[in-house]
Amino acid sequence: MAEPIANDWKAIHDRMQQIKAEQVVYHVLRCPQCNDRGWVTYYTGSRRVPTVHICDSCLNPEESPAPW
């Protein structure tokens, strides 16, 4: 039963193209600033103290809790 599927090169090729297209869409939709975490860490001051702010780009659309 697996042999006809394994020998169907067009179906395999089509499925691989579909997987690649899905991966591209997934990466395009991710926020470039916070990587879909909703929070961005900034380092301020001379002691490089980390502070966390809501992402300016996506504004934390899923209302994720702060990471601290």
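Biologist: Before we start, what does "buried" mean here?
Modeller: Buried means under 20% relative accessible area. Over 50% is exposed, and partly exposed lies in between. Keep in mind that this is a predicted model.

Biologist: Fine. Is Asn60 buried or exposed, then?
Modeller: Asn60 has 7% relative accessibility, so it counts as buried.

Biologist: Where is Asn60 found?
Modeller: Asn60 sits in the segment after strand S2 (49–54).

Biologist: And which residues does Asn60 touch, leaving out those up to four places away in sequence?
Modeller: Arg37, Gly38, Trp39, Ile54 and Cys55.

Biologist: What does the side chain of Asn60 reach?
Modeller: The backbone nitrogen of Ser64, at 2.9 Å.

Biologist: Let's zoom out. How many helices and strands are there in the protein?
Modeller: There are 2 helices and 2 strands. From the N terminus on, the order is α-α-β-β.

Biologist: How much of the protein is buried?
Modeller: Of its 68 residues, 12% are buried. The accessible surface comes to about 6,000 Å². Carbon and sulfur atoms hold 60% of that surface.

Biologist: What about contacts between residues at least 6 apart in sequence?
Modeller: Of those, 22% join residues at least 24 apart.

Biologist: Switching to cysteines. How many disulfides does the structure hold?
Modeller: The count is 0. Take Cys31, which is in no disulfide. Its nearest cysteine sulfur belongs to Cys55, 3.7 Å away.

Biologist: Are Cys31 and Cys58 buried or partly exposed?
Modeller: Cys31 is buried, with a relative accessible area of 8%. Cys58 is at 22%, so it counts as partly exposed.

Biologist: Back to Cys31. Which side chain reaches its backbone nitrogen?
Modeller: That of Asp36, at 2.8 Å.

Biologist: Where does Asp36 lie?
Modeller: In the loop between helix H2 (9–29) and strand S1 (39–44).

Biologist: Why call Asp36 partly exposed?
Modeller: Because its relative accessible area is 38%. That value falls between the 20% and 50% cut-offs.

Biologist: Last one. How far apart are Asp36 and Pro61?
Modeller: They are 25 residues apart in sequence. In space, C-alpha to C-alpha, Asp36 and Pro61 are 8.8 Å apart.

Technical notes. Residues numbered from 1 in each chain as written. Predicted model: local features only at pLDDT ≥ 70, side-chain atom pairs only at ≥ 80, totals over all residues. Heavy atoms only, no water. Helix = DSSP H or I, 4+ residues; strand = E, 2+ residues; numbered from the N terminus. Buried < 20%, exposed > 50% of the residue type's maximum accessible area, 1.4 Å probe, protein only. Contact = heavy atoms within 4.5 Å. Areas by Shrake-Rupley, 256 points an atom, 1.4 Å probe, with all protein chains shown as cover. Polar contact = N/O pair within 3.5 Å; in protein donor to acceptor, adjacent residues only side chain to side chain. Disulfide = S-S within 2.5 Å.
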